[in-house]
Amino acid sequence: MRNRFELTTQTGQKREIEIVCGNFENLGICADLLICSAFKGDYMVTRTSLIGCLYRSFHISVRELAAHPELDLKDLGVWISQPIADQPFLRIGCVEMSDYRNSVQSLFETLFFAISRANARGFAIETIALPLLGTGNQGMDDESIFLPLWAECVSAFHYIPQLKKILFFERNRRKYDFMCKVMEESLGKVAQKMVFISYSHRDQAIADSIAEHLEKRGVKVWIDHRKIRNPSYAEEIVKAIQASSVFLILVSTASQQSADVRRELHNAAYCENEGKMLLYPILLEKIDYSEIFSYYLRGHDYTDISEEPVEEKIEAFSRKLCEILHL
């Protein structure tokens, strides 16, 4: 069984996600990087593991590869091997799950950071193949693994320009169906470009007005007081920023004094630096940027709505942003 999906990056490039169901050794998988999982420092060959399959069917010892990796981030739970000759996959990557049962998101972020770093060093990783990591011998829950892993896979297409295809393989039909369902449901949302609005709650009325104008034009908007449902709201905000194409920051005396807005700006600036989003200031007052705002925003295009007619200016800005987003 096989299913294919297509994703368009923010730069308009087409990328492919494929998922196949069957025994790994019979699938004929080719990839620049094959990713497996292991307990920390434990690469035991077992009957049901991918490590065992690699040893039996391809005569590859993950233990030997781990002894001399070319990219070594073992302290963070990730490594990538030296090139492997005469195999359908050029390198093996490994994530060591056991120390990350409560922080798999961080581990998967490290995995794709390693892939990005490897490409910067000339590894030429365009295709990766991986199973549902950690859900075999390590016994981790399907949903708690796949949801953050899938989010990182989608994100990686936007900031690793060399990455062109991700292939999942799974022998368990139930897991395969679950993964397909998540992909089908989420890719529609990913395809819709989202705008994150950062503002001081003293400026909520104008933030809501901007959101309404954008939504009337079909733009998906994330604004905290309508979206946050999770008590651990900081994580929810960071995920929303990472999922957005545009970070609108409403600049006012109040927002420049807001610790929350400054934290959001710092996260957004990191995403922009990775080529994943656009920072766009909207001036609510005629004031100079504070030191932090100046550091991140100086030189950016902006819209000034500090004087009347404010609604007309918001409407004009909404048209402009839709042009930027090609909507």
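How much space lies in the second largest pocket? The second largest pocket holds about 660 Å³. The model is predicted, so to speak of local features requires pLDDT of at least 70 and side-chain atom pairs count only at pLDDT 80 or more, while totals for chains, interfaces and linings use all residues. Residues are numbered from 1 along each chain as its sequence is written, and side-chain values use heavy atoms, with hydrogens and water left out.

**The pocket.** On a 1 Å grid over the protein atoms alone, a pocket is an open set of points where a 1.4 Å probe fits, with protein on both sides within 12 Å along at least five of seven lines; lining residues have an atom within 4 Å of a point. The volume is the space filled by probe spheres set on the points. The lining comprises 31 residues, and Thr48, Ser49, Leu50, Gly136 and Arg171 lie nearest the centre. Strand 3 (31–38), helix 1 (50–58) and strand 8 (165–170) each give two or more residues to this lining, the largest share being the 4 residues from helix 1. Helices (H or I, at least four residues) and strands (E, at least two) are DSSP runs, numbered from the N terminus. By class, the lining divides into 12 nonpolar, 12 polar and 7 charged residues; Gly counts as polar.

The table lists the buried residues (under 20% relative accessible area, 1.4 Å probe, protein chains only).

| Helix 12 (310–324) | Val310, Ile314, Phe317, Ser318, Leu321, Cys322 | 140° |

The arc is that of the directions from the helix axis to the C-beta atoms. The buried residues of helix 12 fall within 140°, so they line one face of that helix. On its other side, Glu312 and Glu323 are exposed (over 50%). Helix 12 has 15 residues and reaches 21 Å from first C-alpha to last, close to the 21 Å expected at 1.5 Å a residue. What covers its buried residues includes strand 9 (194–198), helix 6 (204–216) and strand 11 (246–251).

**Ala129.** This residue is found in strand 7 (127–130) and is buried, with a relative accessible area of 1%. Beyond its neighbours within four places in sequence, Ala129 is in contact (heavy atoms within 4.5 Å) with residues including Ile29, Ala31, Leu167 and Phe169.

Methods. Expected span 1.5 Å × (residues − 1).
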